[in-house]
Amino acid sequence: MFAIEYLEQEHSYILKLTNRIEEESLKILNGENVDIDFFKNSVLYIKKFADAEHHKKEEDIFFKYMVENLGAVAEKLIKNGMLVEHDMARFYILSLSEAISSYEENGDDKSKLYIITNAMNYAELLRRHIDKENNVVYTFGERELSEEVKNKIEEEMKNRVKEEKINEDEKNSLLEKLNIVM
Ligand SMILES: [Fe+2]
Ligand SMILES: [Fe+2]
């Protein structure tokens, strides 16, 4: 399915970012200065692309049709699993932004610790989350949804991706600043 291929491609960028976050967090542990621009750009990418585009497409399109059509198991998997984790990710990113601001103001060790903690919580959460989606949730949807529903998903996903084209340049420029190459 186009929808799944596109979402998995977005996952590969998010996973690269989690690796960069780990690298930058390790540098802080090893006594280097906090790369404020890296963490600010990571927050920007995550809010605008990993969340407002990627998570939103899952929530509005793929997961919506799974919950509507695949009964109690899908509802539990999506609502108690995937959607809760999207909210946890938002919480970690909010806390990371606060820690960055606090570090900019005070330059203290405690803020540094909160930058590392929240950045790595996000990275680890998203790694597990993406693994579940790629190997359990998407495959379950593709196997169980009717052709009719899958066609609706494909169409809505293609339209949404077209709408998102307007942000393409900003996305690529952020990826470049984050030193993420595919
Ligand atoms: Fe997700
Ligand atoms: Fe995802």
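**A walk through the helices**

Buried residues make up 31% of the 182 residues in the protein, where a residue is called buried if 20 or more other C-beta atoms lie within 10 Å of its own, exposed if 12 or fewer, and partly exposed in between, with the C-beta atoms placed from the backbone. Please keep in mind that this is a predicted model, in which local features need a pLDDT of at least 70 and side-chain atom pairs count only at pLDDT 80 or more, while totals for chains, interfaces and linings use all residues. Residues are numbered from 1 along each chain as its sequence is written, and chains are lettered from A and ligands numbered from 1 in the order in which they are written.

Let me start with the overall architecture. The secondary structure comes to 6 helices and 0 strands, and the elements, taken from the N terminus on, run α-α-α-α-α-α; here helices (H or I, at least four residues) and strands (E, at least two) are DSSP runs, numbered from the N terminus. The radius of gyration of the protein is 18 Å, close to the 16 Å that the globule rule gives for 182 residues, so the protein is as compact as a globular protein of that length. That radius is taken over C-alpha atoms, and the globule rule is 2.2 Å times the number of residues to the power 0.38. Along its principal axes, the C-alpha trace spans about 55 × 35 × 25 Å. If we take the contacts between residues at least 6 apart in sequence, 81% of them join residues at least 24 apart, and by contact I mean that the C-beta atoms of two residues, placed from the backbone, lie within 7 Å.

Now to the packing of helices. Two packed helices are described by the angle between their axes and the distance between the axes. The axes are lines fitted to C-alpha atoms, for helices over the stretch in contact, and the angles run from 0 to 180 degrees between N-to-C directions.

How do H2 and H5 cross? The axes of H2 (residues 36-69) and H5 (residues 147-164) come within 11 Å and cross at roughly 165°. That makes H2 roughly antiparallel to H5, given that angles under 35 degrees count as roughly parallel, over 145 as roughly antiparallel, 65 to 115 as roughly perpendicular and the rest as oblique. H2 passes H5 in a right-handed crossing; a crossing is left-handed if the near helix is turned anticlockwise from the far one by less than a right angle, and right-handed if clockwise. On the H2 side, Glu53, Lys57, Ile61, Phe62, Tyr65 and Asn69 take part, and they meet Val149, Lys152, Ile153, Glu156, Met157, Arg160 and Glu164 in H5. By class, this contact of H2 with H5 has 6 nonpolar, 1 polar and 6 charged residues, where Ala, Val, Leu, Ile, Met, Phe, Trp, Tyr, Cys and Pro count as nonpolar, Asp, Glu, Lys and Arg as charged, and the others, Gly among them, as polar.

H2 also packs with H3 (residues 71-106), at an angle of about 165° and with the axes 11 Å apart. H2 and H3 are therefore roughly antiparallel to each other, and their crossing is left-handed. The contact of H2 with H3 has 14 nonpolar, 3 polar and 8 charged residues.

Within H3 we find Leu96, which is buried, with 25 other C-beta atoms within 10 Å. Leaving out residues up to four places away in sequence, Leu96 touches Phe39, Val43, Ile115, Asn118, Ala119 and Tyr122.

H2 and H6 pack at an angle of about 145°, with their axes 10 Å apart, and H2 passes H6 in a left-handed crossing. Asn41, Leu44, Tyr45 and Phe49 in H2 meet Lys171, Leu174 and Lys177 in H6. H6 is hardly covered, since the count of buried residues among its 10 residues is 0.

Most residues other than glycine have a negative phi. Asn179, however, has a positive phi of about 60° although it is not a glycine.

Ile180 also lies in the segment after H6, and with 19 C-beta neighbours inside 10 Å it counts as partly exposed. Not counting residues up to four places away in sequence, Ile180 touches Tyr13, Lys16, Leu17, Arg20 and Leu175.
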